[in-house]
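Biologist: Hello! Could you walk me through this structure, one question at a time?

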Amino acid sequence: MNDFYKQVLSNVEKNSTTLSPATYSTYLSHISKLRQYAPNAKFSEINEKFVMGYIAFMRLRGNCDATIYRSLSILRMHVNALVRQGLVRVNPFGNIPLRRSRSRREFLELDEFSRLYHRFIEGEHDVTDSEREALRAFLFSCFTGLRYSDLKGLSPHDIRNGKIRLFTHKTGTMVYIPVPQQALALLPGEGKSAHQANASANSVLHVIDNSTFNKRLRSGAKKLGCFRHLHAHLVRHTFATSCISFGVPIEVVSKLLGHTNLQTTLVYANYSSSVIDREMQKFVL
């Protein structure tokens, strides 16, 4: 077999039992992305020119440096496996060093988050049904810190007495999240009985593919007067900085996010400007 994609897919399937559902899905997604760049690729074509062309392809698509780094890291992993199998003779990454981009983690400041929430509650009928579902899911995630994958799979049975208990898709860690009343009010059926009203449903919120979700989220937010470039990845950082703004200890924030290492939480929890303003008021001689 000289088909690059068939062998890569075979390797992924062989290791599928050891991969989390999120990682498995990510690998398949990146293979699909590679196919868009080079629909047919042979082992002999996997060289430095192939990799540089893939980088140019991603830049033309508007991918940011962090996305390009992630895609190249996954491609390098697959190529390394093929080199070990003797199917690719020369590793094309030998002269292409990968440097992780230090991208600025974005989030909604507390006042932005509050304004969007109240405008949604007051004007949810000003948006389409699909935009309303995207905004509802986005705001609920900002209140709870749930990842997109966990939000998508959140079932009525995961919410008991206003508290979320579930194993996260990415790490398999059990998280316990008391849900604020404002977040419970976002659930279909409203308030405390939301999960009971949807007891027969497979999921609490209607969450679709990431790209369509982000488009509907942004179009709905604009109708409510929010012109930030909203997307699903904002929510965990928004949640972390909001918690810190309210004085929640960083150790508790770490537990809520399902982190096993406090250093991981510190990456998310850059202090918001409101916290900095408040703390610097103590600087008095």
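Predicted model: local features only at pLDDT ≥ 70, side-chain atom pairs only at ≥ 80, totals over all residues.

Biologist: Is Arg228 buried, exposed or partly exposed?

Modeller: Arg228 sits in the loop between α10 (210-223) and α11 (234-245). Its relative accessibility is 25%. Because that value falls between the two limits, Arg228 counts as partly exposed.

Biologist: Which residue forms a salt bridge with Arg228?

Modeller: A salt bridge here is a side-chain nitrogen of Lys or Arg within 4 Å of a carboxyl oxygen of Asp or Glu. The closest N and O atoms of the pair are 2.9 Å apart. The partner lies in helix α5 (residues 110-123), 116 residues away from Arg228, so the pair links distant parts of the chain. That partner is Glu112.

Biologist: How many salt bridges does a search of the whole structure find?

Modeller: One of them joins Arg136 and Glu133 at 3.7 Å, N to O. Those two are three residues apart in helix α6, which means a separation of about one helical turn. Arg136 is buried, with a relative accessible area of 11%. The search of the whole structure finds six.

Biologist: Which residues are linked in a network of salt bridges?

Modeller: Start with Arg132 and Asp129, whose side chains meet at 2.7 Å, N to O. Both belong to helix α6, three residues apart. Arg132 is buried at 12% relative accessible area, whereas Asp129 is exposed at 55%. The network consists of Glu124, Asp129 and Arg132.

Biologist: What share of the 285 residues is buried?

Modeller: Helices (H or I, at least four residues) and strands (E, at least two) are DSSP runs, numbered from the N terminus. By that count the protein has 14 helices and three strands, and its C-alpha trace spans about 60 × 60 × 35 Å along the principal axes. The buried share of the residues is 44%.

Biologist: At what angle do α6 and α10 pack?

Modeller: Axes are lines fitted to C-alpha atoms, for helices over the stretch in contact, and angles run from 0 to 180 degrees between N-to-C directions. Under 35 degrees counts as roughly parallel, over 145 as roughly antiparallel, 65 to 115 as roughly perpendicular and the rest as oblique. α6 and α10 are therefore roughly perpendicular. Their axes are 8 Å apart, at an angle of about 95 degrees.

Biologist: Which residues of α2 meet α3?

Modeller: Contact means heavy atoms within 4.5 Å. The axes of α2 and helix α3 (residues 48-60) come within 10 Å and cross at roughly 95 degrees. On the α3 side, the contact involves Lys49, Phe50, Gly53, Tyr54, Phe57 and Met58. On the α2 side, the residues are His30, Lys33, Leu34, Gln36 and Tyr37.

Biologist: Is His233 buried or exposed?

Modeller: His233 lies in the loop between α10 and α11. His233 and Phe283 are 50 residues apart in sequence and 34 Å apart in space, C-alpha to C-alpha. With a relative accessible area of 66%, His233 is exposed.

Technical notes. Residues numbered from 1 in each chain as written. Heavy atoms only, no water. Buried < 20%, exposed > 50% of the residue type's maximum accessible area, 1.4 Å probe, protein only.
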